[in-house]
Each structure stands twice: as structure tokens, then as C-alpha cells.
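Here is a short report to read alongside the structure. Take a moment to find your way around before reading on.

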Amino acid sequence: MHIIEHSQLVPGQFGRSVVTVGNFDGVHLGHQVLLRRVVERARGKRASSVVYTFHPHPLRVLNPAFCPPLLTAFEDRAARIAAQGLDVLVWARFDRDYAAREPEEFARETLAGSLGTRELWVGPDFAFGRERRGSLGLLRELGKELGFTVEVLPAFGLGGEVVSSTRIRQAVAEADFETAERLLGHPYTLHGPVVRGAGRGRGLGFPTANVLVREECLPPHGVYAAWATEPGGGASPRPAALNIGHNPTFGGAETTVEAYLLDFGGDLYGEELELRPVTALRGEIAFRTPADLSRQICKDVEETRRVLGLRDLTASGGS
């Protein structure tokens, strides 16, 4: 998939296109249905399949207090979109100037001019342009004039509820990873590089990988049984006791994400790690002493083994 920033577009460079526009946070099942429809229609027309999205999220600029915590960072969102078979991802750098563009300008210059749109596929609540003035009705009128049709894909439902990024965020906030995975169509995961921390875990006998995750939507503070995938994804996922929180025993203030990889002694500093929480084990607790914390971590590790069905793991790659 070719990724290009909006300002680098050259009219006609993709020929005729079938396009969809949106934020696509999480790239959930509803998004996937829409994206696959675009790919299918583009192939039938021998046209380019194009997704047009924004970075940062528009609400982060227009009304930060109401911007939701995002399920996916831009690069991970792009990777999941690419996995659906799209030819091109165009992203617009969203700022106040971009937000002030009139809907007619977007339709003429971007959809018809730069992208050569022949079909535009959107969801039922789609609106665009300055103050979301561009309704579906206006878009259809402009499409007739500029040579493209507007197709609305109904909201995708599963098990009696509409699949949405909002509903998935709610599931994550409740540590309901089963529901999140069902609606996403893939496991809820956290990604980021392993960075150096305070070294407290090693001092307690449980050296942790401190992961600087890109995702904003995190489950509640606490300890989770999880799977950790090492760089490249070649090795099998490793079981991990995952801690998300402030480290209250040590008076921490910032939220950190730390994973103790069971039966692993390698060095992951600077490497990328993917974490997939499976089950909540306990909430965050401030212990009276580090020794009390160490004893609890022993219990957390054993519970992680039990939950993941790995009571008889043998050491591999370290102590």
C-alpha cells in the first residue's frame, strides 16, 4: 500500500479511484467491511482503491477535551488498513486551517481533482468540511456535478449491537478483552519500544520490559495475564505478567506499562514489543514494603501461568 500525505498529491496520479473517508480508529469489523467493499469495487472498475484519513484525530485539534483515547496509533492503523488490500492511503495533517476548508473545496479539489474519484463509500453518519457542513445530501449533489457517486454502507452489527470504536473503548475500559476482540475482529493489543525504566523490577527479582506504548486507550490500572510477541513476530508469543499503572508502592505519578516475560532472560531494550492482555488478575495496590510487593508478584506470576494454561513452562533463553 502506498502512503502519501495530502499536500503531496498530484492530480490524476492514481487514475480513477474508489474512495472511502474516515478516521478508522481500531480498524474494527465495521471498518473492515467498508474497506473490503472499496477494494472489491475498485477491482471491478480497474481503479485504485483509496482510503483518506486524518492525523491527528480532528477532535484533538477542534475540541481536545472530547477527543477519545485512541485504540490505534497512526502507523498501526495504517498497517491494519493495508492488510485489507487497499492500494493507497492518503492522510491529511489535520489543523485549524484544514478544518476551515469548505466542503465544496474538498469535493472539487481532493475527491474529484486529486483522487479522480468515481465512487465514494462512507458510513451513515458521515459529514465533512467546515463545521461538518457537508451533509450526505450536499455530497451527492456535488458528486453528480463532478462525476462520482456516493454510496452509504449501513452500520455493521454483530450480536445485536452496532460495532463502533466507542463500544470497543468501553470494553477495554472494563477489561473485557473478549468483547473487544470480537468487535475488532482481531485481538486488542498494545505496541511500543522497550525503554529503560527505574530498574525496580530487577531489584525485586522480576526484571520487566518497560514498554512505551503508542496506544492511548488503556485498560484500568492493575495486573493482567498477557502474551508478549517479540520483534518480527517470528518467535512464539511468550506469557507475561503485565502491569499497567502508577507504581504506587514507589510513589509513581505517570502511567507505565511493564511486562515481566516468564522464563525469559534476554535483552529487549530498544526493540518493539506487542502485548496482548488476556485476563485481569487484580487491581492496582499500594504495598507497605517492596518485600510485600515481591511476594504478590510471585502470586501474580503463578496466576498468569494458571490462566494461560502454562503451569509447567520450562526456562528458555534465560533464567
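## The cavity

How do the residues of the lining of the largest cavity divide into nonpolar, polar and charged? They divide into four nonpolar, five polar and two charged (Ala, Val, Leu, Ile, Met, Phe, Trp, Tyr, Cys and Pro count as nonpolar, Asp, Glu, Lys and Arg as charged, and the others, Gly among them, as polar). Among the lining residues are Gly26, Arg80, His186, Tyr188 and Glu215.

This is a predicted model, where local features need pLDDT of at least 70, side-chain atom pairs count only at pLDDT 80 or more, and totals for chains, interfaces and linings use all residues. Residues are numbered from 1 along each chain as its sequence is written, and side-chain values use heavy atoms, with hydrogens and water left out.

## Helices H5 and H6

Two packed helices are described by the angle between their axes and the distance between the axes. Helix H5 (residues 103-114) packs against helix H6 (residues 136-146) at about 45°, with axes 10 Å apart.

The residues in contact (heavy atoms within 4.5 Å) include Ala107 and Leu111 of H5 and Leu139 and Leu142 of H6. By class, this contact of H5 with H6 has eight nonpolar, no polar and three charged residues.

## Helices H7 and H8

Helix H7 (residues 165-173) and helix H8 (residues 177-184) pack at about 155°, their axes 8 Å apart. H7 and H8 are therefore roughly antiparallel to each other.

In H7, Arg167, Ile168, Ala171 and Val172 meet Thr179, Ala180, Leu183 and Leu184 of H8. The contact of H7 with H8 divides into six nonpolar residues, one polar and one charged.

Note on methods
Axes are lines fitted to C-alpha atoms, for helices over the stretch in contact, and angles run from 0 to 180 degrees between N-to-C directions. Helices (H or I, at least four residues) and strands (E, at least two) are DSSP runs, numbered from the N terminus. On a 1 Å grid over the protein atoms alone, a cavity is a set of points where a 1.4 Å probe fits but cannot get out, and a pocket is an open set with protein on both sides within 12 Å along at least five of seven lines; lining residues have an atom within 4 Å of a point. Angles under 35 degrees count as roughly parallel, over 145 as roughly antiparallel, 65 to 115 as roughly perpendicular and the rest as oblique.
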